[in-house]
Amino acid sequence: MIAEAARALILEHGYAALRTRDVAARVGINISTLHFHVPSKAALVALIAETTRDNFLARLPPPPDAERPAGAQLRAEAQAYHDSLRDRPELAACLAQLRQIGGTVPDVAAMIDSFTDDWLRRYAEIITIGQQQGAFRSDLTPLPAALAITGALTAFGARGPHGLEMFWPVFNELERGFLVAPGPEDEQR
């Protein structure tokens, strides 16, 4: 409840205007009770970052698995992110706000960096699996390819749930660029 209220206030007024007193009022508790749970603004921001990260993590599909088709795994990752933008757009918006203040709150910056690095590695692992399965081009370098996907898809975070009409066309183009081209024997069929 505290994190949700603080996240809403950040989105409404920006981080600079975030006051613990306003969070307490939004939650319906007194300031002493709030400070019992989060003793400072820095602790409040850390709580917001943790719960935002945890909400994203809860929406991810199972970890990459070499036993499952890589193409389906890649699409499941994109679907999870798309659905979070559609159903919980405040998460991406809050993450963007937290990134901006990262320089002033090192613990939050480290948490967000760790989360985004892990998310990027998931995509890179799926690409590697796809190469091993013969589904994705062998000349792809997994980490830069993963960055191309996540970079393109995170651009939709700022658009909100009504700005997602190009999400799948963009993903489809990226995916098509990763796929192994059909060989001459495939084209003759």
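How many of the 189 residues of the protein chain count as buried? The share is 42%, where buried means under 20% relative accessible area, exposed over 50%, and partly exposed in between (1.4 Å probe, protein chains only). The model is predicted, so local features need pLDDT of at least 70 and side-chain atom pairs count only at pLDDT 80 or more, while totals for chains, interfaces and linings use all residues. Residues are numbered from 1 along each chain as its sequence is written, and side-chain values use heavy atoms, with hydrogens and water left out.

The secondary structure comes to ten helices and zero strands; helices (H or I, at least four residues) and strands (E, at least two) are DSSP runs, numbered from the N terminus. Along its principal axes, the C-alpha trace spans about 75 × 30 × 25 Å. Among contacts (heavy atoms within 4.5 Å) between residues at least 6 apart in sequence, 67% join residues at least 24 apart.

Helix α1 (residues 2-13) packs with helix α6 (residues 89-101) at an angle of about 70 degrees, and their axes are 10 Å apart. Axes here are lines fitted to C-alpha atoms, for helices over the stretch in contact, and angles run from 0 to 180 degrees between N-to-C directions. The two helices, α1 and α6, are therefore roughly perpendicular to each other, a label for angles of 65 to 115 degrees; under 35 counts as roughly parallel, over 145 as roughly antiparallel and the rest as oblique. On the α1 side, Arg-7, Ile-10 and Leu-11 meet Glu-90, Leu-91, Ala-93, Cys-94 and Gln-97 of α6.

Helix α6 has 13 residues and reaches 19 Å from first to last C-alpha, close to the 18 Å expected, that is, 1.5 Å times one less than its number of residues. Its buried residues include Leu-91, Cys-94 and Leu-98, and the buried residues of α6 pack against α1, α4 (41-59), α5 (70-87) and α7 (106-132).

Arg-7, in helix α1, is buried, with a relative accessible area of 2%. Its side chain makes a polar contact with the side chain of Thr-51 (3.3 Å); such a contact is a pair of N or O atoms within 3.5 Å, and within protein one must be able to donate a hydrogen and the other to accept it, with residues adjacent in sequence counting only if both atoms are side-chain atoms. Arg-53, in helix α4, is partly exposed at 25% relative accessible area. The C-alpha atoms of Arg-53 and Phe-115, 62 residues apart along the chain, are separated by 7.0 Å.
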